[in-house]
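I open this entry to record what I looked up in one protein model.

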Amino acid sequence: MTTKSSSSVLGGKAASSPLLSSPPRQRLVTKDGHCALRPQLCPSGLWHSTSSRTWRLAVQDLWGLVVGLRWRWVLLAFCASFLTHWLLFACLWYLLAHLNGDLAVQDHDAPPQGHVVCVKHITSFTAAFSFSLETQLTIGYGTMFPSGDCPSAIALLAVQMLLGLMLEAFITGAFVAKIARPQKRAGAIEFSPQAVVGQHQGQTCLMLRATNLLHRPLVDVKLSAVLYEEHEGQALHQTSLDFRLDSLGQEPCPFFIFPLTFFHPLDRRSPLFPALCEGTSNHFEVVVFLSALQEGTGDSCQKRTSYLRQEIQFERRFVPALGLDAQGRYMVNSQHFDTAHSKEPLNKDCVVQINGDGSDRME
């Protein structure tokens with residue numbers, strides 16, 4: 001095997017590529033699946049209008065906003081919403097007592113003749129807040145209770161109960177939705193930090209591995225990928241990549257209980273062939289999507305990750321994922337993301353990538 005430098009492999013094209021003098025590209029999708037795309041930069045005059053429009057859109061999707069918040073913000077919103085509701089109606093009850101003249105009555109058990117006390121024993125704002133709290137939580141009235149002869153008190157009581165029930169239903173639904181989110185189950189799916197290029201079933205393939213960290217199996221597992229490659233003018237071109245699993249081809253895996261190794265053949269029909277086997281210098285990112293169904297509920301979950309050029313190892317293979325114990329039972333190898341040198345050499349027309357750059361060609 002002899003090698004040639006990358007300048008001879010790429011010819012004069014690499015020297016004139018604008019990507020070599022431009023700043024290093026950041027990834028579109030982080031390793032844990034979050035989008036790293038930055039928002040559009042706006043002129044100073046348009047910042048205010050764009051910001052207000054963004055807030056309006058967020059408020060219109062209030063349910064999605066609350067469910068997508070972190071737990072600490074959901075708990076803060078839970079406490080703040082109820083305290084605000086209690087304080088608002090405490091002010092209304094206190095205002096009603098003031099307008100009705102109840103605050104001037106010395107003895108609510110023996111009011112002046114002709115005076116109807118709307119709510120007994122609301123003589124201060126503290127008492128009004130306590131009555132608002134009792135009404136909302138249906139604790140049960142003691143010495144403070146609304147009078148049936150005061151229509152204003154009955155109307156305010158009905159409004160507080162209706163709004164309180166709506167608030168409780170919204171907050172309870174948000175809690176249940178966050179607890180039952182399928183995305184939490186996707187957190188137990190883990191991808192190999194590196195992808196490898198090596199021989200698989202007699203052909204050169206790009207391979208990656210995924211594992212299910214929980215003992216609860218997933219079913220109907222599908223893996224797809226998109227190649228984002230930078231073309232002229234910094235335009236990102238999207239191309240679908242077909243990944244296969246053993247002899248299942250592109251059929252979904254019916255049972256996900258041990259680490260799975262997915263492969264993509266790097267033949268001349270592959271969109272990755274120019275970047276990995278011909279040594280083109282265009283920036284690219286492979287974004288991988290794994291979707292599966294939970295066996296118990298049938299809910300769908302998805303996990304994402306991405307691989308850059310420098311995260312692809314050449315002439316490597318994954319170590320065996322399963323082993324046998326003394327009783328002949330299958331066991332998952334704790335080092336199943338480790339790689340080893342490939343036993344078979346790569347195809348002779350592939351470039352060996354050193355530190356993410358095409359530096360040598362195998363002949």
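How many bridges join strand S2 to strand S9, and do the two run parallel or antiparallel? I found three bridges between S2 and S9 (residues 312-314), and the strands run parallel. I note that the model is a predicted one.

Entry on the S9 side. I looked up the partner of Val197 and found that Phe314 in S9 is its bridge partner.

Entry on the S3 side. I then turned to strand S3 (residues 203-212), which five bridges join to S2. This pair runs antiparallel. Within the pair, I located Gly198 opposite Cys205 of S3.

Entry on the turn. I examined the hairpin that S2 and S3 form, where two residues lie between the strands. There, Gln201 takes a positive phi, near 55°.

Why is S2 largely enclosed by the rest of the structure? I checked residues 195-200 against the cut-off for buried, which is under 20% relative accessible area. Six of the six residues of S2 are buried, so the strand is largely enclosed by the rest of the structure.

Entry on the whole protein. I recorded eight helices and 15 strands as the secondary structure. Of the 363 residues, 38% are buried. For contacts with a separation of 6 or more, I noted that 64% come from residues 24 or more positions apart. The accessible surface comes to about 21,200 Å², and carbon and sulfur atoms hold 59% of this surface.

Definitions and conventions. Residues are numbered from 1 along each chain as its sequence is written. This is a predicted model: local features need pLDDT of at least 70, side-chain atom pairs count only at pLDDT 80 or more; totals for chains, interfaces and linings use all residues. Side-chain values use heavy atoms; hydrogens and water are left out. Helices (H or I, at least four residues) and strands (E, at least two) are DSSP runs, numbered from the N terminus. Buried means under 20% relative accessible area, exposed over 50%, partly exposed in between (1.4 Å probe, protein chains only). Contact means heavy atoms within 4.5 Å. Accessible areas come from the Shrake-Rupley method with a 1.4 Å probe; for residues, only the protein chains shown count as cover. Two strands pair if DSSP finds at least two bridges between them.
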